[in-house]
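I want to go through this structure and write down what I look up as I go. I will start with the overall counts and then move to single sites.

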Amino acid sequence: MTAHDDQHSGMLLDMASVGRHRHAPWENGGHMGGLTGDPAFAATTFVVIDFEATTPTGSPAQPIEVAALALRYETGAWTTAGRPFSSLIRPPAFAPVTPAVTAQTRLTAEQVGQAPSPAEALGSLDRRFAAGKQYLLVAQHAATEANLIHHQREHCPALARIDLLDTIPLARYLFPGLPNYRLDTLLAHFSIKHPPDRHRAFADVEVTAEVFIRLVGAADEHAEFSDLAALVKIAGRTAKCNMPAQGELFDVHPASERGHG
């Protein structure tokens, strides 16, 4: 089964065939700079995550699809950790799939109407995170994912406590002067093939993972990225559940470079 078996839209799409393996395009030539040589970096599982959503008037965005891909950096190369995850999600009645959402994602109300509930889909993803292990989520315009996860936190309490890395500020720091830092622009900059099913969660996760790996490779060449803490300083975002309550009052971020737009 693949992430694109939409005829099985009511099922959790757990792609065992991908498995744990090395990806030649993701190798780093055996090079270990200060960043990837940091034991804290090596101990971290980076989980690239993406949601597709519908946004009802006057309410927070409601997820209709989620995908995640866990990565580890080991002995000079990136590997996948465990099986990729993808699932459609049935939105509540007050947040139907609109024609605009279908035009962008090609997901229909009929497809998501047969999908697992948020509790089922996000609960299944949440159980992937083992207690005592170090994780960071990776997303393009992480504010969007952070908000979606926070509003669904009752279904994914472990996920909601994981801090994030945002590819946009990292790309902006490493590659100043690009026209913008949307996902499509970064794909073009790195000559990463544009997926035919762009704006589906798993396709976007795959290419965001490639962008992240290219960014880490570039950061490894910069002396200021001496360790994981330096990476977090530039690109980190605290999960809302880990913030002091009053901090959320000032948590305002522009959406102009949201990669799904």
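The entries below follow the order in which I looked things up.

**Entry 1: overall**

I note at the start that this is a predicted model. I counted secondary structure and found 9 helices and 9 strands in the protein. I then looked up burial: of the 261 residues, 52% are buried. The accessible surface is about 11500 Å², and carbon and sulfur atoms account for 55% of that surface. I also checked how far contacts reach along the chain. Among contacts between residues at least 6 apart in sequence, 75% join residues at least 24 apart.

**Entry 2: nonpolar cores**

Which residues touch the most other members of the largest nonpolar core? I found Phe41, Phe46, Trp78, Leu165, Val211 and Leu231, out of 39 residues in that core. The largest share comes from H8, with 12 residues. Another core lies apart from this one and has 25 residues, including Ala121, Leu125, Phe129 and Ile149. I set beside this the general remark that nonpolar side chains in soluble globular proteins tend to be buried together.

**Entry 3: aromatic pairs**

I listed the aromatic pairs and got a count of 10. For Phe41 and Tyr73, the ring centres are 6.1 Å apart and the planes stand at 75°. An angle over 60 degrees counts as edge-to-face, so I put this pair down as edge-to-face. Phe41 sits in helix H1 (residues 39-42) and Tyr73 in strand E4 (residues 62-74), 32 residues apart, so I noted a link between distant parts of the chain. Both Phe41 and Tyr73 are buried.

I looked next at Phe46 and Phe212. Their rings make a tilted pair, with 5.5 Å from centre to centre and 45° between the planes. Phe46 is in strand E3 (residues 44-54) and Phe212 is in helix H8 (residues 201-219), so this pair ties together parts 166 residues apart in sequence. Phe46 and Phe212 are both buried. I also found that Phe41, Phe46, Tyr73, Trp78 and Phe212 belong to one aromatic cluster.

**Entry 4: strand E3**

I stayed with Phe46 and listed its contacts, leaving out residues up to four places away in sequence. Phe46 touches Phe41, Leu69, Ala70, Leu71, Trp78, Leu136, Val138, Leu165, Phe212 and Leu228.

I then looked up Thr45, which is also in strand E3. Is Thr45 buried or exposed? Its relative accessible area is 8%, and the cut-off for buried is under 20%, so I recorded Thr45 as buried. Beyond its neighbours within four places in sequence, Thr45 is in contact with Ala70, Leu71, Arg72, Ala81, Gln134, Tyr135 and Leu136.

**Entry 5: hairpin E4 and E5**

I checked how E4 and E5 are arranged. They pair in the antiparallel sense over 4 bridges. Leu71 has Thr80 of E5 as its bridge partner. The two strands form a hairpin with 2 residues between them, and Thr75 in the turn has a positive phi of about 45°. In E5 (residues 77-80), Ala77 and Thr79 point one way, Trp78 and Thr80 point the other way, and all are buried.

**Entry 6: helix H9**

Which residues of H9 are buried? In this helix (residues 228-235) I found Leu228, Ala230, Leu231 and Ala235. Viewed down the axis of H9, the buried residues fall within an arc of 160°, so they line one face of the helix. Ala229 and Lys233 are exposed on the other side of H9. I looked up what the buried residues of H9 pack against and found H1, E3, E7 (134-139), E8 (164-166), H6 (167-174) and E9 (236-237).

**Entry 7: Phe94**

I finished with Phe94, in the loop between strand E6 (85-88) and helix H2 (99-105). Its relative accessibility is 49%, so it counts as partly exposed. Leaving out neighbours within four places in sequence, Phe94 is in contact with Pro56, Ser59 and Gln62. From Phe94 to Ser59 the C-alpha distance is 9.0 Å, and the two are 35 residues apart in sequence.

Notes:
Residues numbered from 1 in each chain as written. Predicted model: local features only at pLDDT ≥ 70, side-chain atom pairs only at ≥ 80, totals over all residues. Heavy atoms only, no water. Phe/Tyr/Trp six-rings, centres within 6.5 Å; stacked < 30°, edge-to-face > 60°. Buried < 20%, exposed > 50% of the residue type's maximum accessible area, 1.4 Å probe, protein only. Contact = heavy atoms within 4.5 Å. Arc of directions from axis to C-beta. Areas by Shrake-Rupley, 256 points an atom, 1.4 Å probe, with all protein chains shown as cover. Pairing = 2+ DSSP bridges. Core = buried A, V, L, I, M, F, W, Y, C linked by side-chain atoms within 4.5 Å.
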